Amino acid sequence: MIEQRISPPKTRIDVTVDGSTVSVPEGSTLLDACNAAGADVPTLCYLETLTPINSCRACVVEVEGSRTLVPACSRVAEPGMDVQSDSDRVQRARKSVYELLASAVDLSLAEPETVRQMERYDVDPERFGEGWHRTDEVKIQDDLYIRDYDKCIMCFRCVAACGPDAQNTFAIDTAGRGLNSTIATEFDVSLPESACVYCGNCVAVCPTGALMFKTEYDLRTSDDWRPDDQHVATTVCSFCGVGCNLELHVQDNRIVKVTSPMDHSVTEGHLCIKGRFGWGYVQPEPD
Amino acid sequence: MLGAGGGTSSYEEIESTDLIVLWGSNARNAHPIFFHHLMKGVRNGAKMFAVDPRRTESARWADVWLGIDVGSDIALANTIAREIIAAGLTNDEFIRHSTSGFDEFAASVEEWTLERGEEVTGVPAEAIRQLAHDYATAETAQLCWTLGITEHHNATDNVLSLINLALLTGHVGRYGSGLVPIRGQNNVQGGGDMGALPNKLPGFQDVTNDEHRGKFEAQWGVDVPAEPGWHVTQMFDAMERGDIRAMYIIGENPAQSEADSRRTIDLLEGLDFLVVQDIFLTKTAALADVVLPAAAGWAESDGTATSSERRVQVMRKALDPPGEAKDDLDILSLLAAEMGHGWGMPTAEEVWDELRSLSPMHGGMSYRRLEELGGLQWPCPDEDHPGTLFLHGWLWEDPLPREPAPFSSVEWAPPIDPLSDEYPMRLTTGRRLDGYNTGVQSGGYRSPIATGGVIDLDPVDAADLGVSDGDVVRVTSRRGHIDVVARHRDGLRPGLAFMAIHWPDDADVNTLTLDAWDPKSGTAEFKATAVRIEPVQR
Amino acid sequence: MLGIPDSRWHGGERTAGGDRVAYGGFHRAAARRHLLLPALHALQDAIGWVSHGALNYVSERLDLGPAEAYGVATFYDLIATEHAPPVVAHVCDDIACLAKGASRIVDELEAALGPAGEHGDAAPWKRSPCLGQCEKGSAAFIQCAGASARSIAPVTAEQVIDIVTSGSADDAVAPTTSAQDRSDLRLLAILDDEGDMGLYRSKGGYEGLARALEIGPAASVAEVEASGIRGRGGAAFPAGIKWRAVTEHEGVKYVVCNADESEPGTFKDRVLLEGDPFAVIEGLTIAGVTTGAQQGYLYLRGEYPVAFRRLSEALESAREAGLLGPDIAGSGRTFDIEIRRGAGAYICGEETALFNSIEGFRGEPRQKPPFPTDAGLFGRPTLVNNVETLANIPAILRDGGAAYAEIGTAQSTGPKLFCVSGNVASPGVYEVEFGATIRELIELAGGVDGALRAVLIGGAAGSFVDASQLDMPLTFEDTRAAQLGLGSGVIIAFNESIDMHTIVARIADFFGEESCGLCVPCRVGTVRQHESLVRISEGGDRAAELEILDELDHVLRDASVCGLGQAASSAVQSAIRLGLI
Ligand SMILES: Cc1cc2nc3c(=O)[nH]c(=O)nc-3n(C[C@H](O)[C@H](O)[C@H](O)COP(=O)(O)O)c2cc1C
Ligand code: SF4
Ligand code: SF4
Ligand code: SF4
Ligand code: FES
Ligand code: FES
């Protein structure tokens with residue numbers, strides 16, 4: 001074939017991370033550079049498959065010459081940058097970021113990685129005193145997934161996944177401003193009345209359990225969610241010819257939720273309603 | 001034929017192409033994740049055209065939507081071709097070097113002036129001109145289609161007419177330029193790859209080719225018939241003639257999925273012996289003498305599936321099948337044993353490895369590689385091969401390594417179910433986002449957006465008929481009638497109605513459709529039915 | 001506003017051809033999205049709120065998801081998404097007005113009209129952050145369904161009660177007065193042309209533009225560089241660097257005048273816009289023809305209805321005079337200016353948030369880099385300058401950058417406006433050359449009423465100083481050396497009668513209310529800061545609270561996305577250092 005994909009080899013640039021020099025392709029972020037250097041940089045709002053939204057600030061690092069700390073996830077590396085990935089200043093900011101979040105929302109179902117980072121920075125949710133805390137009713141409006149914004153850290157991943165980065169449905173967006181802002185449909189109408197097409201891509205990217213499969217929610221509510229008894233099998237969705245990979249999470253020979261691998265070129269972790277929720281026909285309703 | 005066998009391009013290519021033509025496809029609903037890739041392309045600046053009788057959810061994203069008459073695709077394609085030629089926008093170098101039959105083709109489309117095109121398709125000449133010019137002058141362009149093109153009596157011609165456009169402009173065989181048919185089911189492509197076609201052996205090897213057949217005969221130790229078999233529509237004709245008296249159906253529900261379902265059921269009932277192997281007790285299974293309960297392929301057994309970008313991927317068993325249900329492969333092996341062939345009980349991987357030894361294009365696709373790499377795109381002849389991003393790069397090689405790609409002169413014929421005073425409305429069918437085929441699978445979950453079986457009417461038609469949103473109407477075609485709830489819907493135009501195919505129990509649209517089929521591909525005419533709609537007094 | 005729909009697919013009439021072809025899709029929607037905020041404004045102005053049906057209609061016309069439009073509508077204080085009374089009064093209770101007794105007005109309104117409303121609810125009055133009328137001592141901004149909005153300053157509680165009960169209002173703004181002799185001032189020389197082009201031209205107006213056209217872009221940029229002028233919007237960035245960067249880019253670019261003036265205590269831009277609109281227009285026009293932009297935007301604070309009217313008229317006369325439009329002053333150059341109204345969000349003064357606001361997105365700031373000069377409005381290279389910065393430009397071009405650089409000090413060149421308010425005898429805008437001290441400015445304003453307790457310089461994002469620092473010259477270099485900021489030129493004096501706890505808590509509350517909510521440090525941290533200050537004033541464990549405030553100071557400054565969060569603890573920390581709280 002004469003014309004395969006033409007992508008000239010990228011020039012590489014050198015960045016110093018914690019004293020050692022790493023070489024990364026041009027256009028890489030500081031997070032890429034830190035990862036390449038083996039530095040342990042936490043992230044909350046960042047997800048490989050979404051445009052960096054740059055909101056949580058857990059990933060901040062110190063860059064020589066910069067007045068403030070800079071977010072590693074979205075800052076493009078420049079040649080010669082000198083990065084401190086875990087200086088005192090960085091640690092202090094990260095600890096506060098996690099503490100501020102933990103003081104305002106319920107992080108009890110946050111990803112294990114978040115729990116690990118919170119332990120790493122010795123996070124004390126009480127440190128900033130008693131004060132405003134999110135209090136929302138769990139929104140159960142259909143049989144597919146629930147929304148519990150008590151747990152929402154406003155990482156905006158769901159908005160990006162529902163909107164420009166994947167689904168382009170725009171059923172949900174940030175409403176309001178400041179601490180009172182929430183993720184909402186227009187005028188907070190229920191999901192079935194909204195533009196939602198139930199792809200569940202918002203659920204898939206939510207890092208805190210604020211958005212959750214109804215199956216998982218029900219099992220958790222009845223104290224029967226047992227991750228240790230679950231296995232995951234990867235297969236291909238049966239509903240059309242696109243060929244989306246499905247990860248079927250199975251507990252007691254029943255599918256309890258469905259994900260797709262983030263690093264797969266076909267889906268990047270996204271699915272449609274059929275792949276995400278359409279499995280019911282292989283298992284009858286439990287009584 | 002280009003475009004037969006498999007989509008030429010990879011999904012990733014549409015993300016960086018300059019122009020996208022989505023033809024007869026509501027991908028946003030029918031193939032949502034393909035549409036994600038398409039939207040990346042649009043967001044990266046690609047201009048988008050949509051050709052569809054309805055202004056669908058997909059068409060709404062298009063810079064230009066062309067609302068053609070149902071069944072006038074070939075007329076539109078020929079008009080576009082004529083305009084590209086007349087405006088001098090052909091890729092002459094490519095035509096000379098890589099194609100054959102141009103002069104004859106040019107002569108065949110000569111009559112398709114913009115005016116004629118507008119007359120037949122209903123689309124304003126200016127919009128056709130724009131599509132022709134933009135497609136021809138784009139640096140790279142992807143031409144994508146689905147069932148809107150293939151569920152017609154002239155499906156193969158439809159596809160050929162689109163291939164002509166790619167040949168005129170050189171929009172095939174390069175990164176970012178290609179022909180992209182998106183398949184309706186998860187393994188239609190794989191079925192074809194595996195030789196589930198009347199004239200093919202696995203790997204698109206011809207049954208009529210002695211060398212190809214010989215390999216299989218040697219491996220299997222049996223004679224393989226050298227004659228092409230029948231496709232589905234021909235089988236039903238054979239049943240009608242009495243040439244087929246028994247049938248073994250695996251994982252199909254023709255009693256509901258075939259156009260003209262009344263005739264289909266009659267024919268199935270008239271068989272001497274019917275075996276149905278399925279995961280459900282479908283309407284078809286209900287007619288069977290023997291039902292073999294099968295495991296759901298994608299969740300209850302191991303195997304592979306091939307996607308519309310020719311990506312072969314492994315499926316792993318997640319659940320134990322219910323009751324006595326068994327893996328399709330095990331059922332076949334047990335049957336073979338009963339019939340005196342000692343296959344043993346091979347695993348899916350063992351069968352696959354045999355296939356790899358017989359089908360060169362699958363040679364490099366071990367389960368291990370498939371699982372590690374997230375699938376591989378055929379052809380992938382050996383274990384060092386990375387798989388193939390796009391097909392037909394050879395068209396751009398010099399000297400040309402194969403016979404040049406032929407243009408095909410394609411005659412437009414109007415839909416064979418004509419509109420008349422008695423049947424003045426055109427009914428077309430399709431999918432909704434949360435439904436699938438006959439709804440057996442998609443009925444298994446509680447979709448909050450399910451519409452149920454309804455007919456979508458243009459508000460103008462509805463007003464003329466005195467039908468309010470939610471009223472029941474009787475829809476009558478030359479073959480039968482059904483009563484169904486009507487819904488006012490944007491995106492249509494007067495004279496055009498739409499029904500989804502997923503709720504045959506509410507409203508069996510195939511009672512109305514026509515069993516005319518494309519003699520080349522065997523697909524039936526689902527898309528263009530002439531109907532009459534009347535309000536029903538409740 | 002949105003024009004007549006051009007097809008049935010966008011809310012228009014059906015036509016036979018329109019059933020067969022539609023032009024629309026992503027690119028068209030993207031190109032029209034910037035109409036969203038103007039459309040929401042139009043609804044708000046006409047009906048007094050944006051109903052669900054109205055929002056759906058706008059979304060359909062603009063090919064937007066209703067949730068997106070809702071997200072934008074609910075971002076702004078001046079857009080109501082719940083059925084609101086036809087007249088709503090926004091009454092300032094911010095620091096300068098607090099010093100003049102705003103809490104009394106608030107108390108009286110509460111007694112008469114019930115508690116102040118929250119965003120989106122149906123109360124007839126709301127508390128408002130600084131309305132940019134600080135020199136008047138009290139202020140209200142009135143939204144009237146079906147009529148244009150009004151400013152009233154000074155305002156009394158009776159007036160507000162009368163307006164919301166009678167349902168109508170007229171502008172009643174006391175004229176901008178100045179205790180200064182204006183005869184040899186530069187920026188405030190004309191404060192009453194009010195859109196009189198003849199008057200403006202008679203005093204040398206538009207000579208700067210003529211010269212810019214004559215000497216061409218390269219030389220014009222050189223003049224701006226030579227002038228040494230730094231931005232007057234708060235960040236004090238050398239204007240010449242931005243002008244050069246944008247001028248050197250190819251292709252479509254934009255110039256933007258930042259007239260969102262919302263920093264508490266700041267009103268100089270309003271005074272310029274109302275009193276001398278042509279200076280700003282000429283400055284922006286010079287920026288346009290120099291950088292090669294064909295379109296300029298003037299992003300005007302939504303609470304400035306008088307300025308809006310004067311600017312609109314002035315733009316019209318400039319067009320009539322051929323000084324805007326397809327052939328500026330016979331030069332063959334095209335340039336025009338559009339006013340975009342803000343809708344009640346301090347953050348939209350931050351330049352990248354301002355771009356998002358114009359583009360029809362939520363007014364959240366963007367990550368920098370890329371900087372506006374490389375990728376700004378609509379992703380194109382953009383020059384943003386403050387009103388006062390631009391008002392200096394005509395003179396720089398007319399008299400030359402070198403002459404301008406003679407004014408002020410070596411590093412802080414030019415004349416500078418200061419907004420002096422609070423407990424001084426004659427609050428107002430005062431023009432001095434850079435180098436004047438805080439004391440001199442307070443004296444220009446007639447001196448402190450009573451005994452001085454503290455002075456806030458730089459605005460809510462600035463710092464308190466006490467009597468010992470009054471002789472500090474107000475230059476960029478001197479304030480920086482003292483680790484303060486000149487900010488937008490705010491000087492608010494507080495005398496001994498003022499409860500500084502209330503003032504400091506109000507500043508903290510301001511940041512909590514105005515945080516866009518994008519980033520965690522600011523979204524949560526500003527509110528935690530306010531809570532902590534309230535606990536202190538209620539007698540909480542002071543040492544523990546100071547520790548909390550210190551920790552918050554660090555994370556806000558170090559880890560917030562934008563200047564709002566980064567400055568949100570500045571005044572609080574300075575108040576603690578000075579023992580004001
Ligand atoms: C929260 C925040 C609010 C701001 N508000 C304004 C404003 O109202 N007016 C203004 O000119 N600059 C404001 N700025 C500064 C602008 O971002 C920008 O620096 C300025 O408009 C550039 O113009 P200049 O260089 O002429 O000062 C604000 C900055 C921040 C962080
Ligand atoms: S399910 Fe899909 S469409 Fe619905 S809100 Fe989530 S991302 Fe959006
Ligand atoms: S719901 Fe989940 S994904 Fe969405 S903003 Fe909240 S935490 Fe993030
Ligand atoms: S610092 Fe505050 S205003 Fe700025 S981005 Fe963060 S939340 Fe928004
Ligand atoms: S991960 Fe970088 S800001 Fe959230
Ligand atoms: S107008 Fe009240 S503080 Fe400025």
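Modeller: Let's start at ligand 3, where Cys152(A), Cys155(A), Phe156(A), Cys158(A) and Cys206(A) come nearest, out of 13 residues around it (a residue is near a molecule if one of its heavy atoms lies within 4 Å of it). Bear in mind that this is a predicted model, where local features need pLDDT of at least 70, side-chain atom pairs count only at pLDDT 80 or more, totals for chains, interfaces and linings use all residues, and side-chain values use heavy atoms, with hydrogens and water left out. For finding your way around, residues are numbered from 1 along each chain as its sequence is written, while chains are lettered from A and ligands numbered from 1 in the order in which they are written.

The ligand 3 shell splits into twelve nonpolar residues, one polar and no charged (Ala, Val, Leu, Ile, Met, Phe, Trp, Tyr, Cys and Pro count as nonpolar, Asp, Glu, Lys and Arg as charged, and the others, Gly among them, as polar). Now hop over to ligand 2. Around it you'll find Cys162(A), Cys196(A), Cys199(A) and Cys202(A), along with Tyr145(A), Thr169(A), Val197(A), Tyr198(A) and Gly200(A). That shell has no charged residues either, with seven nonpolar and two polar.

Next, the face that chain A turns to chain C. Here 48 residues of chain A are in contact with 48 of chain C (contact means heavy atoms within 4.5 Å). The two chains bury about 3900 Å² between them, and carbon and sulfur atoms give 57% of that (buried area is the accessible area, with a 1.4 Å probe, that two parts lose on being put together, summed over both). On the chain A side, Arg92(A), Arg177(A) and Phe187(A) lose the most area to chain C, together 22% of what that side buries.

There are six salt bridges across this interface (a side-chain nitrogen of Lys or Arg within 4 Å of a carboxyl oxygen of Asp or Glu). One of them links Arg127(A) to Glu551(C), with the closest N and O atoms 3.5 Å apart. Which elements give two or more residues to the chain A side? Those are helix 2 (88-104) and strand 8 (173-175) of chain A (DSSP runs numbered from the N terminus, helices being H or I of at least four residues and strands E of at least two). Helix 2 of chain A gives the most, with nine residues. Sorted by class, the chain A side has 23 nonpolar, 13 polar and twelve charged residues.
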